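I opened the notebook to record what I looked up in this structure, entry by entry.

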Amino acid sequence: MKVSAAVILAAGRGTRMNSAKPTALHEVGGKPIIDRMLVSVAACSASLPVIVENANGLISAHVGEKARFVIQPVSLGEADALLSARAVLEQAGDGLVLVLYGNLPLIETEYIDAVIRAAEKDRAAMLVFSDEETEELQPVGVFCFEGALLLKALLDGEACDTVADCAASMAQYGVEVHELMISAASVPQVRDRAGIAFCESVLKASVLEKHFAAGVTILDPVTTHIGEDVVIGRDTVIHPGVILSGRTEIGEGSVIKGGCQLHDTRIGSGCTLTYVVADDAVVGNNVKIGPFVNLRPKTVIADGCKIGDFVEIKNSNVGEGTKLPHLSYIGDADVGSGVNVGCGCVFVNYDGFKKHRTTVGNNVFLGCQTNLVAPVTVGDDAYTAAGSTITQDVPAGAMAFARVKQSNKIGYVEKFRSLKKK
C-alpha cells in the first residue's frame, strides 16, 4: 500500500553536528542521508515526497526534482515544521500521511510498510524503541497518520511541540496510536557525529557479512572499508587498509593488497594490486599493478598487463600483455598489445592549450626516458632509442633516434672546480 503523501522533516539547523550543512546532507556509507531516505520512501508514496527544510535551501539544491519542498522560516520545532506542510495534509484528507525525521539513513522500506499497514487499520501508527536507561518508549522517527487527523492534532493541541506529542494528543479524539516496537539499533538516528559513526558500523557489519557469505576473504575487517554497492567475486582476498567505494567490481581470485583505494573501478579475475589508487578505471584479467600506481578516469587496461611502481595512467587504453614497469606517465593514449614502455617514459599530451592523443602500435619498444609529444603515432614493431623526444610519427618497424649528439669536453671538470674556488 502507498500513502497519499510522505513528509520528511529536515529543517533542523544541525547544531549538535556543529556543521554548516544540515544533518540530512551528511553522508553515511558515501551517500547523503536524504538520498538514502528518498529511495526507501519512494516505493511507499503515491506522490513525490515533501521535504521540510530551512531557509538556506541546501537540501533542495542537492535533491532537485526528486522531491517537493516547503520552508520552515524559523526553527520552532517538529510540530511547526509539519504545519509548514499544512497544504499537503489538507490535500491528503482522510488519506494516510507518512512522517519521518530527516536523520534516518538506514530506514528500510519494510519498516515503513509495517507502520503504514498499522495506520491503515488504526488510523495512526509509529515506530518506537525502549530506552535502555529509562525503559521508556521513545519514537524512532517514523509515523503514519490520517492527514485530517494529524492536522486536527496540530491545530488543536496546545502542547504539541513534537510529532510524538501530536500522537499522544490523539487520545482525545478516541484514536489510540499503534506502537510498533523495534530495537534502537534497527533504525538509528543521526543526531551528532557519533551517530554517523554508529550508522557506519551497522552498515559495515552487514556489508562484511554479505561478502563473507560470497566467499571473499577479508583479512582485517577493522581497517578495511567496503561500500555497500561493491561487488567482489569468490576467492578474492582483501588485505588490511583497503578502501573500495562506489560501484567498484572485483572478479574472482584476485588479491587486493594494502594501500589500495578503488572507486567506481572494475577489476578482473586473477589480478594482484598493491598500493593502487583508481577512479573510474577498467582492468582486465590476470593483471599485476603496483605499488604506487594511479589509474585516473577512463583508463582501460587489457588482460595480462603489468603496471609497475610509480606509474600514472589517464584516459588511455592499454593493450593485452603490455608492460609499463615503472616511473612513467601515460595520458590520452591508445597503446597496443605486447608493448614495452621503458623506465621514465612520458606521453606529453598537453601543449598548454589543448590535450592531444598519442597512438602506439603493437609490439613496440619505447626506450627509457622516451618523450612522445602528442599528437604522434608510433607504428607496429617500432623502437625508440633511450632519451629520445619523439615529435614526428615513427613508421612501423623503424628505429627512432631523437637526441642530440654527445660532446665530451676533456679537462672541463678541473677547470670548472678551479673557478668555483675563486
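I began with K323, which I found in strand β27 (residues 323-331), where strands (E, at least two residues) and helices (H or I, at least four residues) are DSSP runs numbered from the N terminus. The model is a predicted one, in which local features need pLDDT of at least 70 and side-chain atom pairs count only at pLDDT 80 or more, while totals for chains, interfaces and linings use all residues. Residues are numbered from 1 along each chain as its sequence is written, and side-chain values use heavy atoms, with hydrogens and water left out.

I noted K323 as partly exposed because its relative accessibility is 44%; buried means under 20% relative accessible area, exposed over 50%, and partly exposed in between, with a 1.4 Å probe and protein chains only. On the surface, K323 gathers with K257, K288 and K306 in a patch of positive charge. Such a patch is made of residues with over 30% relative accessible area and no salt bridge, like charges being joined within 9 Å and nonpolar side chains (Val, Leu, Ile, Met, Phe, Trp, Tyr) within 5 Å.

In strand β27 I also found L327, which has a positive phi of about 55° although it is not a glycine. L327 is partly exposed, at a relative accessible area of 46%. D332, in the loop between β27 and β28, likewise is not a glycine and has a positive phi of about 55°, but D332 counts as buried because its relative accessibility is 5%.

**Salt bridges**

How many salt bridges does a search of the whole structure find? I recorded 10, a salt bridge being a side-chain nitrogen of Lys or Arg within 4 Å of a carboxyl oxygen of Asp or Glu.

I looked up the pair K31 and E228, whose side chains meet at 3.9 Å, N to O. This pair links distant parts of the chain, 197 residues apart, with K31 in strand β3 (residues 31-32) and E228 in the loop between β11 (225-226) and β12 (231-232). K31 is partly exposed at 29% relative accessibility, and E228 is partly exposed at 24%.

Next I took E146 and R123, which form a salt bridge at 3.1 Å, N to O. E146 is in strand β8 and R123 in the loop between α5 (109-122) and β7 (124-130), 23 residues apart.

For D334 and R357, the closest N and O atoms are 2.8 Å apart. D334 lies in strand β28 (residues 333-335) and R357 in the loop between β30 (346-348) and β31 (358-360).

**Helix α6**

I listed the buried residues of helix α6 (residues 147-156) as G147, L149, L150, L151, A153 and L154. These buried residues pack against several elements, among them α3 (78-83), β6 (96-101) and β8 (137-146), contact meaning heavy atoms within 4.5 Å.

**Cis peptide bonds**

I noted a cis peptide bond joining G290 and P291, with omega about 5°; P291 is in the loop between β22 (288-289) and β23 (293-295). Another cis peptide bond joins A374 and P375, with omega about 0°, and P375 lies in the loop between β33 (371-373) and β34 (376-378).

Notes. Accessible areas come from the Shrake-Rupley method with a 1.4 Å probe; for residues, only the protein chains shown count as cover. Lys and Arg count as positive and Asp and Glu as negative; His and the chain ends are not counted. The place of a charge is taken as NZ of Lys, CZ of Arg, CG of Asp or CD of Glu.
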